[in-house]
Amino acid sequence: MNVLDLTDEELFAAARKELFTAVVGDAMDKMKLYHQFLPARIQPLKPDMLLIGRAMTVLEADTFEETPTFTNNPILKKPFGLMLEALDDLKKDEVYICTGASD
């Protein structure tokens, strides 16, 4: 079986069954893809939880007013900017990954 012939669903199912974090980390290091893991302080809610999928990467920014009046930017006039639209746009096997804003 050629990995390139697998659907995402088949690929992620095989990865869940056959791979573990250290193997993935070693393979990514060999590909010179360093610093690809979440910090150790980020843990699953339960030990048996697993997350795998394609990343939907999002750059967030803090705003300091609930409804800013100083801008003509329609995105800033939405309560959560485009965050809710991005979450609504998630497809099967996609993982929402964001950075840029405060916690």
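Modeller: Happy to! Let's begin with confidence: pLDDT is the predictor's confidence in each residue, on a scale from 0 to 100. This is a predicted model, where local features need pLDDT of at least 70, side-chain atom pairs count only at pLDDT 80 or more, and totals for chains, interfaces and linings use all residues. Residues are numbered from 1 along each chain as its sequence is written, and side-chain values use heavy atoms, with hydrogens and water left out.

Biologist: Which elements have the lowest and the highest mean pLDDT?

Modeller: Helices (H or I, at least four residues) and strands (E, at least two) are DSSP runs, numbered from the N terminus. Helix 3 (residues 83-88) has the lowest mean pLDDT of the elements, 85, while helix 1 has the highest, 89. For the protein, the mean is 83, with 89% of residues at 70 or more.

Biologist: What pattern do the elements follow along the sequence?

Modeller: The pattern is α-α-β-α-β, from three helices and two strands.

Biologist: How do I read burial, and what share of the residues counts as buried?

Modeller: Buried means under 20% relative accessible area, exposed over 50%, and partly exposed in between (1.4 Å probe, protein chains only). Here 13% of the 103 residues count as buried.

Biologist: Which residues form a nonpolar patch on the surface?

Modeller: Like charges are joined within 9 Å, and nonpolar side chains (Val, Leu, Ile, Met, Phe, Trp, Tyr) within 5 Å. Accessible areas come from the Shrake-Rupley method with a 1.4 Å probe; for residues, only the protein chains shown count as cover. In this model, Leu19, Phe20 and Val23 make such a patch, with about 270 Å² of accessible area together. Leu19 sits in the loop between helix 1 (8-18) and helix 2 (21-30), and its relative accessibility is 43%, so it counts as partly exposed.

Biologist: Which residues does Ala101 contact, leaving aside neighbours within four places in sequence?

Modeller: Contact means heavy atoms within 4.5 Å. Ala101, in the segment after strand 2 (94-99), touches Glu60, Ala61 and Asp62. Ala101 and Asp62 are 39 residues apart in sequence, yet 5.2 Å apart in space, C-alpha to C-alpha.

Biologist: And where is Lys32 found?

Modeller: Lys32 is in the loop between helix 2 and strand 1 (54-59), and its phi is near 60 degrees, a positive value in a residue other than glycine.

Key: Patch = residues over 30% accessible without salt bridge, like charges linked within 9 Å, V, L, I, M, F, W, Y side chains within 5 Å. Salt bridge = Lys/Arg side-chain N within 4 Å of Asp/Glu carboxyl O.
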